[in-house]
Amino acid sequence: MFKLLKIIRGAGEATEKYPFAPFPVSPNFRGKPEHSPAQCIACAACVTACPPNALTMQTNTAEGKRTWQLNIGRCIFCGRCEEVCPTRAIKLSQEFELAVGSKADLLQRADFTLTSCYCCGSAFAPAKEVDYALALLAQGALSAEQAEAMRPHLETCPECKRKQALASIEPAQALMRG
Amino acid sequence: MSVAEQSRIGRNYIAGLSEKFPAAMLEVEWQTADQITVTVKPDALPEVVSWLYYDQGGWLSVLFGNDERTLNGSFAVYYVLSMEKDVKCWVTVRTLVDPVTQEYPSVTPKVPAAVWGEREVRDMYGLRPVGLPDERRLVLPDDWPEDLYPLRKDTMGYNQRPAPTTDTETYQFVNDGGESRVVPLGPLHITSDEPGHFRLFVDGEDIVDADYRMFYVHRGMEKLAETRMGYDEVTFLADRVCGICGFTHSVAYASSVENALGIVVPPRAQAIRSIFLEVERLHSHLLNIGLASHFVGFDTGFMQFFRVREKAMTMAELLTGARKTYGMNVIGGVRRDILKDERAKTLKLCAELRAEVTPLVEMLMETPNLKQRTQGVGRLDPKVARDFSPVGPAIRGSGFARDIRVDHPYAAYADMPFGLHVLDGCDVLSRVLVRVKEFYDSLAIIEHALHNMPEGPLLIEGFAYTPHKFALGYAEAPRGEDIHWSMLGDNQKLFRWRCRAPTYANWPPLRYMLRGNTVSDAPLIVASIDPCYSCTDRVTLIDVKKQKATTVPYQEIERYGRERKDSPLK
Ligand code: SF4
Ligand code: SF4
């Protein structure tokens, strides 16, 4: 009995003041993913990696818009998105207080403009993604001017690229002429 | 992966089978050096399984069905035996089931351990085990349509919900307690965080028999994984099978795929897996020992154990970034290294845990109530244990030296310092004591692994994916082994995933453990197999002499178990 009392005394106060004082978590705690739309290029790598489909993307070609969405209610805080993001636009934070009053508040969205195809004019890829690809090229083997010269090629939609490729082959040209 | 002739383990069992059942053997294949699948003719199935089980020292770890009509035109059933006598390996007995008759001979009359598995195969695939003594449904609810077998490939999507066929429950539950509570906690799994309904058949205060019904909140995870998720995402789903030992499931799943594809996980990743696995054991065992204190009336001890347990949770958060659902496994290794600072902090927490738990355990052992309440109570007879293949501290408390970490070393366990703790009291006390010893071993393993961390990569990348390969993966959870069997599909998804949590193996013998005890011992006995039984919210008591049924809130039974006065039966 005496021993027990000693343990209890030694233990002191085991409870925390939370929520009246902040509750510290470990430095690498995986909390709510923070997304920076400014840094995001809408490449959808995180969307592909996300196991429970907490991240989704919707492309609206008519409006030339792509919407990135995080549903925090589905998120399992695994951090796969952070691992695959090429621009570090998404990072898990320390935040764990995620309760909301209305379901809609669980959703977080970001809209991105799509670039129009150089040939056919239809919207196809996020403008920022194309810029990012060009910037990468400029950082690598090409000079800034050389990279910029590739813009028409990068801003051509896959459909038109296929047609162009076909058109450059002699027998296919014959076929297309009928 | 073809396994070279000389590295094949278990040839003796195959030779024995070929000699004893020459006409029954159809195909033998090694999936890994110590995993063999033998296809036999259906008629010989019960004999073959029973020979391996009783004559050759096998234990039935899991059994399951598979809809292989798209592969070979038939259904199949697999009986996975863990061979633990002289030559340790896995022998899986497989038999094809005719897609027209959909019948095969039941193994249960010869090996009782097969009973739940065969009932489940019947529910999920509609395959009839001919001669199965207990033909009730196991998993499917009363209002599920007759001819809808969820795991068949051509029946339904994972998100389909058939309309209930009946509005009335076939099971009539009496509720005299007024407002009834529904506690939708967790899965059918391991710690059975689920509403389960117990029926204790009592004569006065004595339990003469017991029955229970589980699976009220079956989540259909196997179907979900097979139809909706990529095979590499299932590690995260496996993390969520259980709220306590999710990481163990995740390791078992990841290693099943790694075994199937012949991926060799780097040593550093293996060591890290072992560390996380033991962190899970720490907090799980402290939880159970804490509960044991609670049940014998040492409530202050319960509080203190839970206070100290928090250090194990901190350790998990520090090392993995989350208290639970660590999300650390991927196929081929782990995602996160242990850094110098984390290592130092973990070692410090280990020392604190050891120092703080020791006096608490001493005090628990000195509590006069402990021996009085637990010794000789909830006896798991060695004969019953042998017949039902229970796992974990439950079987180790009944004199059998079974621990997957020792029998089939995985992760880094081959090099770790720990013992196989066996006691032969067969009672609740033995199970508690086994857990206490294992707690200290877990600390030793974590410390050893942190001091001797192998260098090298954390992850193997760039392996080849081969459809329709299959293998077992396993890991010793705090309450017994998790067994996973995965067969890869041709669409980067699983063709079949079978996940067996330890409590699944421990429920069937529980009935025998309850018999002959008093009602006030029931909560203690149920807790001693360490399920999260908090949701077993009501108990129906049926007095066989008075032919009277009363329903008592579970809390009331639990209170009676602690205070032992004001019996709710009167
Ligand atoms: S943390 Fe995981 S679940 Fe959450 S958004 Fe990122 S990838 Fe998806
Ligand atoms: S991976 Fe990064 S850049 Fe790409 S869509 Fe996701 S957040 Fe944006």
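Biologist: Which residues of α4(B) are buried?
Modeller: Val115(B), Trp116(B), Gly117(B), Glu118(B), Arg119(B), Glu120(B) and Val121(B) are buried, and so are Asp123(B), Met124(B) and Tyr125(B). That is 10 of the 11 residues in α4(B), a mostly covered helix. Keep in mind that this is a predicted model.

Biologist: What does the backbone do just after α4(B)?
Modeller: Gly126(B) follows, with a positive phi of about 70°.

Biologist: Which residues lie nearest the centre of the largest cavity?
Modeller: Leu60(B), Ser61(B), Ala113(B), Tyr504(B) and Ala505(B), out of 14 lining residues. Two or more residues each come from β3 (58-68), α4, β14 and α16 (502-514) of chain B.

Biologist: Which element gives the most to that lining?
Modeller: β3(B), with four residues. By class, the cavity lining has nine nonpolar residues, three polar and two charged.

Biologist: Now packing. Which residues touch the most other members in the largest nonpolar core?
Modeller: Leu52(B), Tyr79(B), Ile275(B), Leu353(B), Leu510(B) and Leu514(B), in a core of 151 residues. Helix α8 of chain B, residues 267-295, has the largest share of this core, at 14 residues.

Biologist: What does Ile275(B) touch, not counting residues up to four places away in sequence?
Modeller: Leu319(B), Ile338(B), Ile446(B), Ala449(B), Leu450(B) and Met453(B). There is also a second, separate core of 20 residues, and its members include Cys46(A), Ala54(A), Cys81(A) and Ile90(A).

Biologist: Chain A, then. What surrounds ligand 1?
Modeller: The shell has Cys50(A), Pro52(A), Leu55(A), Leu70(A), Cys75(A), Ile76(A), Phe77(A), Cys78(A), Gly79(A), Arg80(A), Cys81(A) and Leu92(A). These divide into 10 nonpolar, one polar and one charged.

Biologist: And how many residues surround ligand 2?
Modeller: 14, with Cys40(A), Cys43(A), Ala44(A), Cys46(A) and Cys85(A) the closest. This shell has 12 nonpolar residues, two polar and no charged.

Biologist: Why does Glu84(B) count as buried?
Modeller: Because its relative accessibility is 11%, and buried means under 20%. Leaving out residues up to four places away in sequence, Glu84(B) touches Gly57(B), Trp59(B), Arg402(B), Asp407(B) and His408(B).

Biologist: Is Glu447(B) buried or exposed?
Modeller: Buried, because its relative accessibility is 18%. Glu447(B) sits in helix α15 of chain B, residues 428-451. With residues up to four places away in sequence not counted, Glu447(B) touches Leu347(B), Cys350(B), Ala351(B) and Arg354(B).

Biologist: What about Asp341(B): which helix is it in?
Modeller: Helix α10 of chain B, residues 340-366. Asp341(B) counts as partly exposed because its relative accessibility is 45%.

Biologist: How far apart in space are Asp341(B) and Leu318(B)?
Modeller: 10.0 Å, C-alpha to C-alpha, and they are 23 residues apart in sequence.

Biologist: Last one. How many helices and strands does chain B have?
Modeller: 18 helices and 16 strands. Buried residues make up 63% of its 570 residues. Among chain B contacts with a separation of 6 or more, 68% are between residues 24 or more positions apart.

Key:
Residues are numbered from 1 along each chain as its sequence is written. Chains are lettered from A and ligands numbered from 1 in the order in which they are written. This is a predicted model: local features need pLDDT of at least 70, side-chain atom pairs count only at pLDDT 80 or more; totals for chains, interfaces and linings use all residues. Side-chain values use heavy atoms; hydrogens and water are left out. A residue is near a molecule or strand if one of its heavy atoms lies within 4 Å of it. Ala, Val, Leu, Ile, Met, Phe, Trp, Tyr, Cys and Pro count as nonpolar, Asp, Glu, Lys and Arg as charged, and the others, Gly among them, as polar. On a 1 Å grid over the protein atoms alone, a cavity is a set of points where a 1.4 Å probe fits but cannot get out, and a pocket is an open set with protein on both sides within 12 Å along at least five of seven lines; lining residues have an atom within 4 Å of a point. A nonpolar core is a set of buried Ala, Val, Leu, Ile, Met, Phe, Trp, Tyr and Cys residues joined through side-chain atoms within 4.5 Å. Buried means under 20% relative accessible area, exposed over 50%, partly exposed in between (1.4 Å probe, protein chains only). Contact means heavy atoms within 4.5 Å.
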